[in-house]
Amino acid sequence: MPPIIVAENLGKTYASGFQALKHIDLAIEPGEIFALLGPNGAGKTTLISIICGIVNPSEGRVLADGHDVVCEYRAARAQIGLVPQELTTDSFETVWNTVSFSRGLFGKRANPAYIEKVLRDLSLWGKKDNKMITLSGGMKRRVMIAKALSHEPRILFLDEPTAGVDVELRRDMWVMVRALRASGVTIILTTHYIDEAEEMADRIGVINKGELILVEEKATLMNKLGRRQLTLQLQAPLAAIPAELAGHALELSTDGQQLVYTFDAQDERSGIDVLLRRLAGLGIDFKDLRTSQSSLEDIFVDLVRERA
């Protein structure tokens with residue numbers, strides 16, 4: 001099955017001369033959840049805006065479900081639902097009318113049964129007659145998603161979908177996003193909550209200074225770039241790391257009670273057995289040990305720092 005979104009040599013330079021995107025090549029597969037990560041100003045919003053037909057590229061092209069987003073704008077846009085970060089709705093309209101009107105904007109015939117399903121799936125059915133002004137921020141966010149789904153798109157963009165909502169609602173929305181993916185919708189997510197990407201995404205893309213510096217399966221990325229740490233709780237504190245252990249990547253806690261050994265998660269020859277034998281030979285005993293692996297956030301920070 002061909003990719004549902006294809007960006008080829010995509011670039012954007014604004015009239016001021018600022019180059020927001022540089023030679024972006026990206027393919028997104030049908031039915032996946034793709035998380036786009038990057039610091040503020042990295043080019044995430046520009047990239048989304050071009051794919052959604054809001055901004056024209058300076059070079060390159062984008063296909064959405066096989067349609068060029070510039071030359072075949074209407075056909076391409078009909079396949080895309082966009083949930084922007086900003087909550088922009090008519091405050092004095094009802095939830096039902098807001099979502100139904102959005103469907104009509106795409107030339108779709110009225111379909112009350114479908115609108116009802118969308119509202120029920122998003123736990124909005126009980127609020128269908130409420131005016132937007134009466135809703136909480138979290139409920140307004142759900143209405144924005146309902147609007148984006150009203151015309152039955154195959155692609156859904158979520159730009160910071162859980163910004164400003166509480167932890168419980170964030171988790172509810174994660175469940176909802178997985179359900180949308182299960183129904184066949186391809187989801188592209190931008191977020192500042194890296195745990196959100198770690199929880200939901202199938203693949204991760206990292207953009208920085210307008211360049212797509214990495215696209216990788218989440219599990220592969222974490223295995224490839226993740227670090228593991230072995231923490232040893234010592235029986236007696238050390239004043240310093242012995243010279244005999246200089247060849248190991250060790251750190252000593254400020255109180256001298258812990259030794260932390262960092263190693264490559266992919267390297268079968270991690271050297272742990274050698275380290276433990278040397279500790280025993282030096283008479284350094286430990287009463288507990290534990291291992292941990294770097295999170296996606298650690299990996300993201302390291303990638304961005306390398307390209308700074």
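I started with contacts, and a contact means heavy atoms within 4.5 Å. Counting contacts in the protein with a separation of 6 or more, I found that 70% join residues 24 or more positions apart.

**Ground rules.** I'm working on a predicted model, where local features need pLDDT of at least 70, side-chain atom pairs count only at pLDDT 80 or more, and totals for chains, interfaces and linings use all residues. Residues are numbered from 1 along each chain as its sequence is written, and side-chain values use heavy atoms, with hydrogens and water left out.

**Overview.** I looked up the elements next: the protein has ten helices and 14 strands. Helices (H or I, at least four residues) and strands (E, at least two) are DSSP runs, numbered from the N terminus. Of the 308 residues, 44% are buried. Buried stands for under 20% relative accessible area, using a 1.4 Å probe and protein chains only.

**The sheet.** I traced an open sheet of six strands with mixed pairing, in the order β6-β7-β8-β3-β9-β10. Its edge strands, pairing on one side only, are β6 (80-83) and β10 (211-217). On average, neighbouring strands here are turned by 15 degrees against each other, direction ignored. My note on pairing: two strands pair if DSSP finds at least two bridges between them. Strands of a sheet pair through backbone hydrogen bonds, either parallel or antiparallel. Which sense do β3 and β8 use? They pair in the parallel sense, over four bridges, with β8 covering residues 186-190.

For angles, axes are lines fitted to C-alpha atoms (for helices over the stretch in contact), and values run from 0 to 180 degrees between N-to-C directions. I also checked helix α5 (residues 137-149), which lies across β6 and β7 (155-159) and runs at about 165 degrees to β6.

**Met173.** I zoomed in on this residue of helix α6 (residues 167-182). Is Met173 buried or exposed? It is buried, because its relative accessible area is 3%. Leaving out residues up to four places away in sequence, Met173 touches Arg141, Ile145, Pro161 and Thr162. Met173 and Leu122 are 51 residues apart in sequence, yet their C-alpha atoms are 8.6 Å apart in space.

**Cavities.** On a 1 Å grid over the protein atoms alone, a cavity is a set of points where a 1.4 Å probe fits but cannot get out, and lining residues have an atom within 4 Å of a point. Points are joined across faces, edges and corners, and a volume is the space filled by probe spheres set on them. I counted two cavities of 30 Å³ or more.

The largest cavity has a volume of about 50 Å³. Its lining includes Phe34, Leu36 and Phe157. α1 gives the most to that lining, with three residues. By class, I get nine nonpolar, no polar and no charged residues there. Ala, Val, Leu, Ile, Met, Phe, Trp, Tyr, Cys and Pro count as nonpolar, Asp, Glu, Lys and Arg as charged, and the others, Gly among them, as polar.

The second largest cavity comes to about 30 Å³. Met173 turns up again in its lining, as do Pro161 and Thr162. α6 gives the most here, with three residues. This lining divides into seven nonpolar, one polar and one charged.

Conventions: Buried < 20%, exposed > 50% of the residue type's maximum accessible area, 1.4 Å probe, protein only. 1 Å grid on protein atoms, 1.4 Å probe; cavity = no way out; pocket = protein on both sides within 12 Å on 5 of 7 lines; lining within 4 Å.
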